[in-house]
Structure formats: C-alpha cells, structure tokens
Amino acid sequence: MEGTGGGSAAAAAPVNQWWQDLSKMFQYYLDKSTPHATYRWIGTFILASLYALRVFYVQGFYIVSYGLGIYLLNLLIGFLSPLVDPEREPSDGPMLPTKGSDEFKPFIRRLPEFKFWYSITKAFCIAFVMTFFSIFDVPVFWPILLCYWIVLFALTMRRQIAHMVKYKYIPFNLGKQKYGDKKSSASSRGSRPE
C-alpha cells in the first residue's frame, strides 16, 4: 500500500526537470534576443513568408489565415495605442499632451514592442503548425474573408488614426529631437563679452 502512486511521481520528476531546463534555456535565448530588434523582425518575416508559402502551396487553411489576420490586427491596435487612453480613463498620472504648451511626456505603448514581436511570432508558429492538420482546413470562399478583413482593417485604422489626431500623439519614435542649429548655439557660446 505504501507504493501507491509513488511510481508515477518518480517517473514524472525527470520529465518535469527536463521541461524546467528547457523553459530556462528558452527564456535565456529570448532575453539575449531583446536588444536585436532588427534580427528578430527579420526572423519573423521569414517565418511569415514560410507560412504564406505553405498556405499557397496547399491551397487551403483560409479560415486559419483569417483568424491570424484578426489576431494580428488586434495586436497592432494594442501596439499603436497609448498605455493610458485619455478617452477611457482620466487619470492623475502621465497623460498625452493635448496642447503645444503642455509638458512633453513620452509615448508609452499599451503593448510594448518586444511583446508585440513575441506575440506575432508565436501566432505565426501556431498557425504554421495548424496547417499540418486537416481538421483546421474548413472549406470557405476565401475572397469574401479577404474583403471582410480589408474592410475591418480600414475601419479600425481609420478610428485609430482619428484617435491619434484628436489626442496629438505619434506612436513611433522618430529619433532624437533636435532643437535649433548647432552653429548658432556654438557661436553664441564662443562670443562672450569681456
């Protein structure tokens, strides 16, 4: 009676240890890839191209592609939206400046770039794996899904752009702001009255 269930727990221990080691190694390489945004996005583009080639080659899985497109659109909206939306929740914390005289506050995304990249990459991996199972190949008339997705994309982006214009923010970092000309500031420093 003492050995009841002991054998399965002993057999599960090496599997659990292996899974923990694998997840630690995955997290290590994920952390190492954080500063290399260009290479991460190139890898995701290659993965997306492989997925598109797979769907084109098998001439199916359009419903999977449609679901992937809706998910990517949702991620894009989160990436373009501010963390604190002034339309939904007025707060005492940092807000987007609404006038030119307001203090500069940096744009903080609701979905940071790394999480945006990771979610997109994971979505393409899952969709790619789904193309190997015929249960996900639901027969649909794909031009209707494509037209519906384009209309949904256009309406959603129009609303997002209107929000950006209304609250005067740009969700992209266009480099360091330059204030004035270097020559004029250098010449004013060099000519001190004595």
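## What "buried" means here

A residue is called buried when its relative accessible area is under 20%, exposed when that value is over 50%, and partly exposed in between. Keep those cut-offs in mind as you look around this structure, which is a predicted model.

## Ser-119, inside a helix

Let's start with Ser-119, which sits in helix H4, the stretch covering residues 113–130. Is Ser-119 buried or exposed? Its relative accessibility is 14%, and the cut-off for buried is under 20%, so Ser-119 counts as buried.

What does Ser-119 touch, once you skip residues up to four places away in sequence? Its partners are Tyr-71 and Leu-75.

## Pro-171, in a loop

Now hop over to Pro-171. You'll find this one in the loop that links helix H5 (142–167) and helix H6 (182–190).

Who are its contacts? Setting aside neighbours within four places in sequence, Pro-171 meets Leu-80, Phe-107, Arg-109 and Met-164. Take Phe-107: it lies 64 residues from Pro-171 along the chain, yet the C-alpha atoms of the two are 6.5 Å apart.

Next, a couple of cysteines. Cys-125 has a relative accessible area of 36%, so it is partly exposed. Cys-147 comes in at 49%, which makes it partly exposed as well.

A disulfide is a covalent bond joining the sulfur atoms of two cysteines. How many disulfides are there in this model? Counting pairs of cysteine sulfur atoms within 2.5 Å, the total is zero.

Terms used: Residues are numbered from 1 along each chain as its sequence is written. This is a predicted model: local features need pLDDT of at least 70, side-chain atom pairs count only at pLDDT 80 or more; totals for chains, interfaces and linings use all residues. Side-chain values use heavy atoms; hydrogens and water are left out. Helices (H or I, at least four residues) and strands (E, at least two) are DSSP runs, numbered from the N terminus. Buried means under 20% relative accessible area, exposed over 50%, partly exposed in between (1.4 Å probe, protein chains only). Contact means heavy atoms within 4.5 Å.
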